[in-house]
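Welcome! Take a moment to look over the structure below, and then we will walk through its ligand site and some of its charged pairs.

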Amino acid sequence: MSQQHSTDVSATPTTTRESTDWWRDAVIYQVYPRSFADSDGDGTGDLEGIRRRLPYLRELGVDAVWLSPFYASPQADGGYDVADYRAVDPMYGTLLDADAVIRDAHALDLRIIVDLVPNHSSDQHEWFKRAVADGPGSALRDRYHFRPGKGTDGELPPNDWESIFGGPAWTRLPDGEWYLHLFAPEQPDLNWEHPAVADEFRSILRFWLDMGVDGFRIDVAHGLVKAEGLPDLGGHDQLKLLGNDVMPFFDQDGVHQIYRTWRRILDEYDGERIFVAEAWTPTVERTANYVRPDELHQAFNFQYLGAPWDAAELRKIIDTSLDAMRPVHAPATWVLSNHDVTRHATRYANPPGGTQIRTAGDRELGLRRARAATLLMLALPGSAYVYQGEELGLPDVTDLPDEVRQDPSFFRAQGQDGFRDGCRVPIPWTRTGSSYGFGDGGSWLPQPDTWGELSVEAQTGVSGSTLELYRSALALRRETAGLGAGESVTWHDGAPAGLLHFERPGFACTVNTTGAPVRIPAPGTALLASSPVEVTDGEIELPADCTVWWAA
Ligand code: GLC
């Protein structure tokens, strides 16, 4: 792995602010660089496009921006296959562009979190290429998981693990050995028992910390350590991201030692930098292990993301999340959409069915619920994640023709994902024009005709638009003392079935998850609502699928 900077960049001065625990209630906006803004008209988003749009994010009212990978990569999995962890892929720009994004963001008081992909590298990474070239028995093969096969001629994979993208988790090389890849064959898993791997990632962390980033989102944080001997799954169900028992390749206790070491490195730097774990664990209690005081700061709450639009289910997961985080004194996190799942406006437009939905469903219903779900999320104590375009109410694009799809899991039949391109369609900035303002040269995935009406331009200043709802909510969240602060909510148990009502000091939130209006006494002065509401004679008729914030 090259230790060189591709471009000579002087270290960015770090943010020097007092300790504010900013991350405990931060709203963090996820940018998928390929689909955010294209500055050079090649049809693919880039770092300069992101830099130019930072003022939009400032105005939206988020605290930090998480950038999905922009590193040198053959893009076998949208950049989650990294060939050089210290270089920017030319399609996204240069290290100087990354430096400019970090500097400009800081000048706007926005923090930048970058993605770190330690579970696997690209098969085009220098280490892997040399390991393959050097042949069986070579020292570099120890940095990955190479094994002879089973069967008389080694023609069977070393164990029965399946790739998350479908098919076996092993690929055989012409020299007869197999290597492990929990994801695509172009993403060989690194061997975290090897000291060179651990050393290399400590160095990569320092490289980006020296560049001035404010933190890391750790990709597949639960996968780095594999059970000794790589045992067969045997009778176990094959892989599901949620709902599994601890698997021999996921959520092994050994991962925590890695994060303790990383935390010590991070704490050497000023500016309250953070780690957030992408850890798909069976329960929120297991997730809490990643955010013990000497480990990571936050972990995504995928159980919340997976919850159906149902009052009882939502309340249950809110309570278990807050209860699980309290003992380790970490903030709960809340997330509804990201680059791996069907956007929540489309999930909620369909009957409950997990995080990968193939049909458009009832768009109006989906949007109504999505707006209500967002106001609920932003009223909860802890940190919230917003995925680019959800502030526009974008649906998933469920009718992309097969020939334009790029998600590797789509090509590995029977994968449990497969349709992630639908949430990665470039976002619309303007009503008309080439790719609705995404860039001058079209867009790498086709955008639907409806994109213009959903654009930033079409929604800006329009009362009741989803964009203005997000702006108002984020402004109120900041102003209304500490909406994201604290570790608990007080439920009102007398709410009619299908309704949620909870209080925080000076504030209350009511959610109607039913498909019909419900009349209730107004618990205070309405601050914001996800659908138009009217309070008369101290009563409110809560519309179907609606959330209201109250000053109480
Ligand atoms: C994570 C990423 C996903 C990627 C996978 C493999 O789950 O979010 O996009 O495909 O890891 O790196």
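Which side chain meets that of Asp-219 in a salt bridge? The partner is Arg-217, at 2.8 Å from N to O; a salt bridge here is a side-chain nitrogen of Lys or Arg within 4 Å of a carboxyl oxygen of Asp or Glu. This is a predicted model, in which local features need pLDDT of at least 70, side-chain atom pairs count only at pLDDT 80 or more, and totals for chains, interfaces and linings use all residues. Residues are numbered from 1 along each chain as its sequence is written, and side-chain values use heavy atoms, with hydrogens and water left out.

**Around the ligand**
- An oxygen atom of the ligand is 2.6 Å from an N or O atom in the side chain of Glu-278.
- For His-339, a polar side-chain atom lies 2.9 Å from a ligand oxygen.
- Arg-217 has a side-chain N or O atom 3.0 Å from an oxygen atom of the ligand.

**Salt bridges**
- The whole structure holds 37 salt bridges.
- Arg-420 and Asp-77 form one of them, with their closest N and O atoms 3.1 Å apart.
- These two residues are 343 residues apart in the chain.
- Asp-545 and Arg-369 also meet in a salt bridge, at 3.6 Å from N to O.
- Salt bridges with shared partners join Asp-77, Asp-340, Asp-407, Arg-420 and Arg-424 into one network.

Terms used: A polar contact is a pair of N or O atoms within 3.5 Å; within protein, one must be able to donate a hydrogen and the other to accept it, and residues adjacent in sequence count only if both atoms are side-chain atoms. Helices (H or I, at least four residues) and strands (E, at least two) are DSSP runs, numbered from the N terminus.
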